[in-house]
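Open the model in your viewer and switch to a cartoon view. This tour goes stop by stop, telling you what to select and what to look for.

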Amino acid sequence: MEEASKISRYLYTVIVLFIIWLFLTSSFDTQELEIGFILSLIVAAFTYELFTTSGLANLHPRRIVYAAAYIPYFLWAMIMANLDVAYRVLHPKRPINPGIVECRTILKSDVGKLSLANSITLTPGTITLDVIDDRYFIHWIDVKDSTVEGASENITKPFEKFLKVIFG
């Protein structure tokens with residue numbers, strides 16, 4: 001992917017920083033908005049080169065739709081995993097089959113791989129231990145399939161269908 005222009009990268013950084021400001025302040029007061037916008041402009045001037053290489057291309061409608069769909073999907077996966085782990089903890093025989101499995105990912109971008117690793121770790125019952133290139137080493141509370149293909153199908157694939165669109 002070709003690197004975006006400096007202006008595109010700068011504008012994208014300003015937009016993201018301003019959105020973060022809005023979430024952190026939870027205020028639509030005119031003065032709050034003005035200060036947030038000014039600070040976003042200043043911080044973006046120093047950080048846009050580190051922040052993105054794609055710039056405004058990140059705001060493609062398809063990416064935004066997939067990101068919006070990923071949030072409830074991830075929350076549902078987290079709730080279901082919490083219930084599963086709670087069942088295992090409360091069950092008298094504690095039905096667990098822990099182990100470390102290797103998974104592979106189709107994601108290419110570092111940010112996409114990081115998001116996948118965090119999604120796995122934030123879902124109870126799995127913890128990402130290490131990431132090497134396209135390989136993930138994951139501690140799984142109940143190993144259902146120890147093959148790379150089987151573990152990948154169970155752990156990484158559900159998240160990848162969203163993340164490959166969001167992060168390219």
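This is a predicted model: local features need pLDDT of at least 70, side-chain atom pairs count only at pLDDT 80 or more; totals for chains, interfaces and linings use all residues.

Helices here are DSSP runs of at least four residues, numbered from the N terminus.

**Stop 1: α6 itself.** Select residues 157–166, which make up helix α6. Which residues of α6 are buried? They are Phe159, Glu160, Phe162, Leu163, Val165 and Ile166. Now show what covers these buried residues: the cover includes α3, β1 (99–104), α4 and α5 (148–155).

**Stop 2: α3 against α6.** Two packed helices are described by the angle between their axes and the distance between the axes. An angle over 145 degrees counts as roughly antiparallel, so α3 and α6 are roughly antiparallel to each other. Their crossing is left-handed.

Turn on side chains at this contact. From α3, look for Arg62, Arg63, Tyr66, Ala67, Ala69, Tyr70, Tyr73, Phe74 and Ala77. From α6, they meet Pro158, Phe159, Lys161, Phe162, Leu163, Val165 and Ile166. By class, this contact of α3 with α6 has 13 nonpolar, no polar and three charged residues.

**Stop 3: Ser115.** Move to helix α4, residues 110–122, and pick Ser115. Is Ser115 buried or exposed? Ser115 has a relative accessible area of 18%. Buried means under 20%, so Ser115 is buried. Leaving aside residues up to four places away in sequence, Ser115 touches Leu163 and Phe167. Leu163 is a residue you have already seen, among the buried ones of α6.

Stop 4: Select strand β2 (residues 126–132) and strand β3 (residues 135–140). The two strands run antiparallel, and six bridges join them. Click Thr128, then find Ile138, its bridge partner in β3. Next, go to the turn: two residues lie between the strands of this hairpin. Here Asp133 takes a positive phi near 55 degrees.

**Stop 5: α1 and α2.** Finish with helix α1 (residues 6–25) and helix α2 (residues 30–51). Their axes come within 7 Å and cross at roughly 135 degrees. That angle makes α1 oblique to α2. The crossing of α1 and α2 is right-handed. By class, the contact of α1 with α2 has 18 nonpolar, five polar and four charged residues.

How values were computed:
Residues are numbered from 1 along each chain as its sequence is written. Side-chain values use heavy atoms; hydrogens and water are left out. Axes are lines fitted to C-alpha atoms, for helices over the stretch in contact, and angles run from 0 to 180 degrees between N-to-C directions. Angles under 35 degrees count as roughly parallel, over 145 as roughly antiparallel, 65 to 115 as roughly perpendicular and the rest as oblique. A crossing is left-handed if the near helix is turned anticlockwise from the far one by less than a right angle, and right-handed if clockwise. Contact means heavy atoms within 4.5 Å. Ala, Val, Leu, Ile, Met, Phe, Trp, Tyr, Cys and Pro count as nonpolar, Asp, Glu, Lys and Arg as charged, and the others, Gly among them, as polar. Buried means under 20% relative accessible area, exposed over 50%, partly exposed in between (1.4 Å probe, protein chains only). Two strands pair if DSSP finds at least two bridges between them.
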